[in-house]
There are 2 protein chains.
Amino acid sequence: MSKKIVSGHGSGGKMMNDMIENIIKKILGPESIQLDDSAILSIGNETIAFTTDNFTISPIFFPGGDIGKLAVNGTVNDIAVMGARPLFLSCGIIMEEGFEIDLLQSILQSMKRAADYAKVKIVTGDTKVVQKGNADKIFINTTGIGLIENNIQRLPIEVGDRIVINGEIGDHGIAVMAERNKLSFSEELYSDCSPLNHLIAKIIESYPRSIKFMRDPTRGGVASVLNDIVKNRFFSMKLFEDELPIKKEVNGVCDLLGIDPLYVANEGKVILITKEEDTDAIVELMRTIKEGVSAKVIGIITDEFTGKAYIETPIGGKRILPILIEEQLPRIC
Amino acid sequence: MSKKIVSGHGSGGKMMNDMIENIIKKILGPESIQLDDSAILSIGNETIAFTTDNFTISPIFFPGGDIGKLAVNGTVNDIAVMGARPLFLSCGIIMEEGFEIDLLQSILQSMKRAADYAKVKIVTGDTKVVQKGNADKIFINTTGIGLIENNIQRLPIEVGDRIVINGEIGDHGIAVMAERNKLSFSEELYSDCSPLNHLIAKIIESYPRSIKFMRDPTRGGVASVLNDIVKNRFFSMKLFEDELPIKKEVNGVCDLLGIDPLYVANEGKVILITKEEDTDAIVELMRTIKEGVSAKVIGIITDEFTGKAYIETPIGGKRILPILIEEQLPRIC
C-alpha cells in the first residue's frame with residue numbers, strides 16, 4: 001500500500017518532523033531543512049539569514065489580519081529570531097480562477113502596510129493562476145533575506161536561565177479558528193499577527209550577550225518550541241502555571257475544542273531564554289516597545305528532569321507537556 | 001460588478017503584465033516586480049540576484065522532467081540570466097491530503113539531482129498540507145539567491161547585433177501539452193527543462209563585453225521576450241524564418257492546437273543579444289557545452305521598423321509578432 005500525505009504532515013508536530021527527518025532531509029541532504037527558522041549562509045563576505053514560508057490560511061481574512069499581513073510578518077519574524085535584520089522579501093502568489101480582484105487588492109495593500117511597518121522591501125514576485133477548484137482562493141509564499149550585522153554569541157543554556165515571552169499565548173490560532181467556525185464571543189478575539197524585528201533588534205542592541213535562544217512559537221505553539229529546545233538536553237523547562245498569560249476567551253475556546261492553548265499557533269510572539277541576572281532589565285526594556293508591552297517571565301531552566309518541558313501549578317503539581325503528534329488546528333498559517 | 005481573476009492573469013502575456021502594472025506595482029511599489037527575471041540587490045558589501053517562482057504545472061510528471069526538476073532549473077535560470085552565480089534555493093511545498101508519499105519522494109529526488117547538477121544548494125524549506133480538493137496534488141515555490149561576481153557591463157543594443165538561441169524552440173510547452181492531452185507521436189517529445197547557469201557562466205567568462213541581453217523564454221515564449229526587448233525602442237528584431245530551430249513534431253502539435261511555437265514556453269533556453277563581430281565565436285563556444293550544442297543565430301537587430309519583432313520569410317515576406325494577450329497553454333510551469 002502506498003502511503004499518503006495527511007494533514008498531520010503539515011502540522012508542526014511529530015508527524016511533520018518525522019517526514020522532514022525521514023523523507024525530505026534524507027533526499028535533499030541534511031542542510032536542506034534547518035531546525036532553526038532560517039538558514040544562515042555566507043554569501044561573498046556577508047552572512048545572511050534566508051527563510052521561506054507558504055501561507056494557506058483559511059479563512060484568508062480574520063480578526064486582526066489577513067493572509068497578506070501574515071505572510072509578511074511570518075517571514076520577517078523567522079529572520080528576526082535568527083538575530084538578522086530582515087531586508088528583502090519575495091512574494092509568490094497562487095490564485096484560483098474566479099478569485100475576486102478586490103480581495104487581491106486588499107491583500108496586497110495589507111502586505112504593503114506590513115512591509116512598510118517592518119521596514120522590509122518586497123522586491124520580486126510571481127503570480128500563477130490555476131483552474132477553479134485547483135486551489136483554495138489564494139496561497140502566498142514569502143521568502144526573505146536578512147543581514148546578520150552583529151554575530152550574537154549565543155552562550156549555552158544553564159540552570160537558572162529564565163523563559164520570557166512578549167505577551168499573551170494562543171490568540172492567533174484561536175482567533176482564526178473562531179472565525180472559521182463562526183463562534184461568537186462577548187469580547188472579540190484578535191490575531192496577534194505582528195512583526196518582531198523592531199523588538200528583537202532593541203533587545204540584541206542592549207543585551208547582546210544575554211539572549212541564549214529566540215524562537216517565534218507559530219505552528220505547534222509554545223509547548224512545541226520548548227520541547228524542541230529541551231530534546232536530548234540535560235536540563236528541563238519549568239513553566240509557572242499561574243504566570244502563563246492566556247486570555248480567558250482563548251481558554252474558553254480551547255476548553256470548547258478540547259485543545260491546550262500552549263499548542264496553539266502565535267504570530268507575533270517570541271520566546272527568549274535569558275541570562276538570569278539580566279532578565280528583569282530585558283523584560284523592562286521589552287515593555288517600552290509596542291510589540292513587547294506585555295512581556296513577562298513564564299518559566300525557568302531547571303535540572304529536575306532532563307529533556308522535558310513541564311508546568312508547575314501554584315500548589316506544586318507538575319504536568320509534563322507531551323510532544324505534539326499532529327496539529328489540532330489545520331490551516332492557521 | 002467585482003472583477004475576477006481569470007487564467008490569463010497568470011499567462012505571461014498582456015493580461016498578466018497589465019495586472020502587474022495596474023494592481024501589483026501600484027500597491028506594492030515600483031520595485032516590487034521587476035521586469036527582469038531577478039531583483040538585483042545590495043546586501044552589505046555584496047550584490048545579489050533574488051528571484052521567486054511558483055510551479056503549478058499539470059501533469060506533475062512529463063516527458064523529460066517533473067515539477068521538482070522544473071522548480072530547481074526554473075529558478076536557477078532566472079538567476080543565471082542576470083549574470084549571477086546561483087548559490088542557494090528555498091523550497092516551499094503545498095500538497096493536498098491524499099498525495100502519494102512515493103510521488104513526493106520522486107519529486108524530491110529529482111530536485112536533488114537537478115540541484116547537484118546545477119551546483120546549487122537547497123538550504124531551507126516549508127511544507128503545508130491542505131484538504132483534498134483545496135490544491136491540485138502539489139505546488140512548489142523555489143526562491144533563489146545568486147551572487148554577482150563580475151559586473152557585466154551591458155552595452156546598448158545596436159542595429160546589426162545578433163539574436164542567438166541555444167537550441168530548439170517550444171519543446172517544453174508542447175511536451176507538457178501532449179502529455180496532458182494524451183497525444184501520441186511516432187517520436188516522443190521531451191521537455192527541454194535544464195539549467196543554463198554553466199553555459200551562461202562560460203559565455204560571460206569569455207565574452208564579458210559582448211552580451212547585451214540575456215533572458216530565458218519561459219511563459220509567453222520567444223516572441224514575448226523579443227517583444228519585451230523592443231517595446232518603446234527605436235529598433236526592431238528580425239527573425240529569419242528558415243533559421244528558426246523548431247522540431248517537426250512541435251510544429252505538428254502547434255498546427256493541431258492552432259498555436260504558434262514562438263509563443264510556447266521553453267525551460268532550458270536562453271536568448272542572447274550579441275555584438276555582431278563576436279557572434280560566431282560565441283555560438284562556437286556555446287556548442288562546446290551540453291546545454292548549447294544546438295546554438296545558432298536566429299535573427300538580427302534592424303531599424304526597418306521601430307519597436308517590433310517580426311519574421312522574414314526566405315522570399316522576403318514579413319510578419320509582425322503580436323504581443324500575446326493571454327497564454328494559450330495554461331499551467332505549463
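Predicted model: local features only at pLDDT ≥ 70, side-chain atom pairs only at ≥ 80, totals over all residues.
## Background

Most peptide bonds are trans, and most residues other than glycine have a negative phi. The sections below cover places that depart from these two patterns.

## Cis peptide bonds

In chain A, the peptide bond that runs from A:S58 to A:P59 is cis, and its omega is near 0 degrees. A:P59 sits in a loop of chain A, with β2 (46–55) on one side and β3 (61–62) on the other.

Chain B has a cis bond from B:S58 to B:P59, where omega is again near 0 degrees.

## Positive phi at A:N232

A:N232 is not a glycine, yet its phi is positive, near 60 degrees. Where is A:N232 placed in chain A? The residue belongs to the loop between α6 (221–230) and β10 (236–240).

A:N232 has a relative accessible area of 71%. Exposed means over 50%, so A:N232 counts as exposed.

## Positive phi at A:R331

A second residue other than glycine, A:R331, has a positive phi, near 55 degrees. This residue is found in the segment after β14 (318–320) of chain A.

Is A:R331 buried or exposed? Its relative accessible area is 7%. The cut-off for buried is under 20%, so A:R331 is buried.

Note on methods. Residues numbered from 1 in each chain as written. Chains lettered and ligands numbered in written order. Heavy atoms only, no water. Helix = DSSP H or I, 4+ residues; strand = E, 2+ residues; numbered from the N terminus. Buried < 20%, exposed > 50% of the residue type's maximum accessible area, 1.4 Å probe, protein only.
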